[in-house]
Amino acid sequence: MYKYSLHQKATKHQCPNCNKKRMVLYIDIETAEYVSPLVGRCDREINCGYHYPPKSYFKDTNQDYNHSIVKDPNTTQKNQFSYHSRKDLLNTLTYYNENNFIQFLKSKFEFNEVEQMAYNYKIGTANFWNFGTIFWQVDANYKIRGGKVIIYNTSGKRTKYINWIHSIKIKSQEISSFNLNQCFFGEHLINNCDTIIAIVESEKTACIMSLIFKKYTLLAAGSLNGLNHFKMEVLRNRRITLYPDLGINGLNGSPFSIWNSKCEYFKKKGFDVEISDLLERNGTNLERENGYD
């Protein structure tokens, strides 16, 4: 692995650009120390977009930059990733009457359709964490990579409370560690379909759009920066359409420009992928400011 990496733990630090405690810092893999309080990425991708990588920091401070691949001192075997058990997932497929996200969808769509969607995507309820909605990441081999927990209000709006099942388990001392290796939300669904794969940013958008546009198989990258080569490899030889959110031009560009660049990159790598500019052509300034999808 590379010498510098974003810290994998859930610890967040104050962003020097927006002053919110939403920044993940880079660490030196060999020393496990932070590179600098300034070197990191804010997860407020649209409203802030701050990203100061180690390479830029070392250049700005006239230091030699060594990004060579090193051995992770905490890893004894290559690709030693962690997975959740099937029991972990199955135990959460309940308490839907307390799940604000599911109840919101049932107020907008047919009851049976929402129930089927929740079953298909393996959406759970964290009754042990304020009845948050669990978006399980199940890969194409049906291994359970992770579970992102998001608390929604009764209007279906996401709150600031986001967690991961493994983080909750570590805090409660059920497990001592977990090596997260994310995949697309909904990835397991590609095994039983021959439709176009549509990739959106958020899990919520994937769920809603799957109820509306049934000609696609909807997957979610999990975030603006969640679209990467490691996740995409499983979709090689499939037809793919990217649907980025609306957003203003941040430090790294707009969501559309960022995903458009990635689209061109994946095309060069042999993927059958295109990007939709429907929102980009029709979105208003207010809709961009609010990050509509």
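Predicted model: local features only at pLDDT ≥ 70, side-chain atom pairs only at ≥ 80, totals over all residues.
Close-up 1. Is Y95 buried, exposed or partly exposed? Its relative accessibility is 41%, so Y95 counts as partly exposed.

**Close-up 2. N237 in the loop between α7 and β12.** Here is another loop, running between α7 (229–232) and β12 (239–243), with N237 in it. Phi of N237 is near 75°, which is a positive value in a residue other than glycine. N237 has a relative accessible area of 74%, so this residue is exposed.

**Close-up 3. Y57 and F58, an edge-to-face pair.** By the ring-pairing rule, the count of aromatic pairs comes to twelve. One of them is formed by Y57 and F58, with 5.5 Å from centre to centre. Why is this pair called edge-to-face? The planes are 70° apart, and an angle over 60 degrees counts as edge-to-face. Y57 has a relative accessible area of 17%, so Y57 is buried. F58 comes in at 9% relative accessibility, so F58 counts as buried too.

**Close-up 4. F266, F271 and the charged end of R236.** F266 and F271 form an aromatic pair, also edge-to-face, with 5.6 Å between the centres and 75° between the planes. Both F266 and F271 are buried. Look next at R236: which ring does its charged end sit over? That ring belongs to F271, and the charged end of R236 is 4.2 Å from its centre.

**Close-up 5. K122 over the ring of Y119.** This view shows a lysine and a tyrosine. The charged end of K122 sits over the ring of Y119, and the distance to the ring centre is 3.7 Å.

**Close-up 6. Helices α4 and α6 crossing.** Helix α4 covers residues 111–121, and helix α6 covers residues 203–212. Their axes come within 10 Å and cross at roughly 130°. That angle makes α4 oblique to α6. As for handedness, the crossing of α4 and α6 is right-handed. Why give both an angle and a distance? Two packed helices are described by the angle between their axes and the distance between the axes.

**Close-up 7. E264 and E274.** E264 is found in helix α8 (residues 255–268). With 37% relative accessibility, E264 counts as partly exposed. How many residues apart in sequence are E264 and E274? They are ten residues apart along the chain, and in space the C-alpha to C-alpha distance is 8.4 Å.

Close-up 8. How many disulfides does the model have? The count comes to zero. C183 has 1% relative accessibility, so C183 counts as buried. C263 has a relative accessible area of 1%, so C263 is buried as well.

Key:
Residues numbered from 1 in each chain as written. Heavy atoms only, no water. Phe/Tyr/Trp six-rings, centres within 6.5 Å; stacked < 30°, edge-to-face > 60°. Buried < 20%, exposed > 50% of the residue type's maximum accessible area, 1.4 Å probe, protein only. Lys NZ or Arg CZ within 6 Å of the ring centre and 35° of its normal. Disulfide = S-S within 2.5 Å. Axes fitted to C-alpha atoms, helices over the stretch in contact; angles between N-to-C directions. Helix = DSSP H or I, 4+ residues; strand = E, 2+ residues; numbered from the N terminus. Parallel < 35°, antiparallel > 145°, perpendicular 65-115°, else oblique. Left-handed = near helix turned anticlockwise from the far one by under 90°.
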